[in-house]
Amino acid sequence: SKTPWRDQVLQHLAAGVTAAKKRFGHKTGRFLTEEGGWAVTMQDVVLPLALLYTADVPANPRHGRSELLRIASGAGDALRDWQDADGRFEFVKPDGSTWGKTYMPWSMYHWLEAYALLSDHLDAQRSCSWERGLRLAFTGSAREQEANRRIHNIPTWHAMALVRAGQIFDVPEWVELGTEKCRVAARHQHPDGYWPEGAGPTNSYNRVYVHALGLYHRFTGDETVLPCLKRAIEFHRHFTYPDGTLVETVDGRVK
């Protein structure tokens, strides 16, 4: 397609708004399954909604739509309402099962970026509430990551998100901790461009490392992670089918 890549992405996101609206519960601010189930990660759509509301470009037909701001605001409020006093989220799955309380890195990151985009558009009370919830969450995440030296896809995502939160809230300690952990994760990549989990490469989770370190590089310009990103790109070029499906026969963890 001759359409610029950014425009393609915005148009694709805009096309998903109708489906998101159907899943949105106006009383709770939660995005639900057809059966009414919910998981905290289902709130991650708050970020594309915030992006569509604020991106003032011709390719985005949803810019400035008050309905988007209303839905995104409710989505962020739902995350804040679900936090405990330490900023954690009960990890409830759509089937109703619970996996305990956690600092959910994906939801925290998407909410953080939505806050950065929408803070000037939110009323003062909501903006303060979101900031307090995010600071609680990332303070807890930083505390856990200081004690956790495991190389894994989840800590790598936590590290990237800590860098970004440190930039947005001007907390140098978070930036320093996240940077250290992102660099360690990059150094622990296998020479063939993947991070082993299980008995070998795990293509789906490998993309989590790539996404996290790619965002980290985007936020910091840290060129020390570029070699590992280039190796990962080559790995995925070889182990992705032409339609985008991951090659399953080399997967060490996900069957």
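Biologist: Which element gives the largest share of the lining of the largest pocket, and how many residues come from there?

Modeller: Keep in mind that this is a predicted model. A lining can be read by asking which elements supply its residues, and here the largest share, six residues, comes from α1. The lining of the largest pocket has 22 residues, and those nearest the centre are Arg 6, Val 9, Leu 47, Leu 51 and Leu 215. Two or more residues of this lining are given by each of α1 (5-15), α3 (46-54), α5 (105-118) and α9 (203-220). The space in this pocket comes to about 1000 Å³.

Biologist: How many residues of that lining are nonpolar, how many polar and how many charged?

Modeller: The lining of the largest pocket is made up of 14 nonpolar, three polar and five charged residues.

Biologist: What is the volume of the second largest pocket, and which residues are closest to its centre?

Modeller: Its volume is about 290 Å³, and among the 14 residues that line the second largest pocket, Phe 91, Met 104, Trp 106, Asn 153 and Ile 154 are the closest to the centre. The elements that contribute two or more residues to this lining are β2 (98-102), α5 and α7, with α7 giving the largest share, three residues. By class, this second lining holds eight nonpolar, four polar and two charged residues.

Biologist: Turning to the fold, how many helices and strands are there in the protein, and in what order do the elements run?

Modeller: The protein has 10 helices and two strands, and from the N terminus the order is α-α-α-α-β-β-α-α-α-α-α-α.

Biologist: Which members of the largest nonpolar core touch the most other members?

Modeller: The general idea is that in soluble globular proteins nonpolar side chains tend to be buried together. In this model the largest nonpolar core has 65 residues, and the members that touch the most others are Phe 31, Leu 49, Leu 118, Phe 138, Met 160 and Trp 174. Helix α7 (residues 153-169) supplies the largest share of this core, eight residues. Taking Phe 138 as a case, and leaving aside neighbours within four places in sequence, its contacts are Met 108, Tyr 109, Leu 112, Ala 161, Leu 162, Ala 165 and Trp 174.

Biologist: Which residues of α3 are buried, and what covers them?

Modeller: An α-helix has 3.6 residues a turn, so residues three or four places apart point the same way. The buried residues of α3 are Val 46, Leu 47, Leu 49, Ala 50, Leu 52 and Tyr 53, and their cover includes α1, α2 (17-23), α4 (66-82) and α5.

Biologist: Where is Asp 170 found, and is this residue buried or exposed?

Modeller: Asp 170 is found in the loop between α7 and α8, and it counts as exposed because its relative accessibility is 63%, with the cut-off for exposed set at over 50%. As for the backbone, most residues other than glycine have a negative phi. The phi of Asp 170, however, is positive, near 55 degrees.

Biologist: Why does Ser 127 count as buried, and which residues does Ser 127 touch?

Modeller: Ser 127 is placed in helix α6 (residues 124-147), and it counts as buried because its relative accessible area is 12%, where buried means under 20%. Not counting residues up to four places away in sequence, Ser 127 touches Tyr 115, Ser 119 and Leu 122.

Note on methods. Residues numbered from 1 in each chain as written. Predicted model: local features only at pLDDT ≥ 70, side-chain atom pairs only at ≥ 80, totals over all residues. Heavy atoms only, no water. Core = buried A, V, L, I, M, F, W, Y, C linked by side-chain atoms within 4.5 Å. Buried < 20%, exposed > 50% of the residue type's maximum accessible area, 1.4 Å probe, protein only. Helix = DSSP H or I, 4+ residues; strand = E, 2+ residues; numbered from the N terminus. Contact = heavy atoms within 4.5 Å. 1 Å grid on protein atoms, 1.4 Å probe; cavity = no way out; pocket = protein on both sides within 12 Å on 5 of 7 lines; lining within 4 Å. Points joined across faces, edges and corners; volume = space filled by probe spheres on them. Nonpolar A, V, L, I, M, F, W, Y, C, P; charged D, E, K, R; others polar.
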